[in-house]
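Please consider the sequence and the structure shown below.

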Amino acid sequence: MAVRPVRIYGDPVLRQKSAIVTEFDDSLRSLVADLYDTMEAYNGVGLAANQVGVAQRVFVVDVPQEDGSRERFAVVNPVLEKREGHEKGEEGCLSMPGITEDVVRALSLRLKAVDEFGKPIDRRVEGYLARAIQHEADHVDGVLFTDRLSIVRRQLLRRTLDALSRGEIPESYHPERGEGKKS
Ligand code: NI
């Protein structure tokens, strides 16, 4: 298991539509283990495989619940159905350090997928877990959370995004301090 470098905005792999996983083997499990390690190292609540340069439809989440437990699991080949309601909430992305914005997402949805062993997942998710899953499912399609913002908000962010794509990480950003709620 290892922490892999997180790809930053401007890296073409983040815009790639990731491939469906067909082999549920040790290399998939080791990718998932590395995703967990990397997510923890960066204090994230979610991480998609293409954020570490692997364009496969895989992500992990680790979302704290109100009762103090955590929803921590891997998702392979996600399909999101039956979205209900919508809510605005703050999001950030480990691939876009220094940017946090309010994004409108469905309040709840049905997640159909498999885990890293090929075992089916079929469950209703809501609240912040539903938000994290929508953010990660976007990643595997090459969509970033800033794509979900209004044209005006995106224009205001353009300079920051251009700087990120040139490799300039904001000085104020310290992943080891954990800005929280990044995925
Ligand atoms: Ni993200």
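This is a predicted model: local features need pLDDT of at least 70, side-chain atom pairs count only at pLDDT 80 or more; totals for chains, interfaces and linings use all residues.

Residues are numbered from 1 along each chain as its sequence is written, and side-chain values use heavy atoms, with hydrogens and water left out.

Q: In what order do the strands of the open sheet lie?
A: Strands are DSSP runs of E with at least two residues, helices are runs of H or I with at least four, and both are numbered from the N terminus. Two strands pair if DSSP finds at least two bridges between them. The edge strands, each pairing on one side only, are β1 (46–48) and β7 (120–126). The pairing is antiparallel, and the order of the 5 strands is β1-β2-β3-β6-β7.

Q: Over how many bridges do β2 and β3 pair?
A: In β3, Arg70 is the bridge partner of Pro64. Strand β2 covers residues 58–64 and β3 residues 70–84, and their antiparallel pairing extends over 7 bridges.

Q: At about what angle to β2 does helix α2 run?
A: Axes are lines fitted to C-alpha atoms, for helices over the stretch in contact (heavy atoms within 4.5 Å), and angles run from 0 to 180 degrees between N-to-C directions. Helix α2 (residues 127–140) lies across β1, β2, β3, β6 (108–114) and β7, and its angle to β2 is about 160 degrees.

Q: Is Arg131 buried or exposed?
A: Arg131 is found in helix α2. Leaving aside neighbours within four places in sequence, its contacts include Glu87, Glu90 and Glu91. Buried means under 20% relative accessible area, exposed over 50%, and partly exposed in between, with a 1.4 Å probe and protein chains only. The relative accessible area of Arg131 is 5%, so Arg131 is buried.
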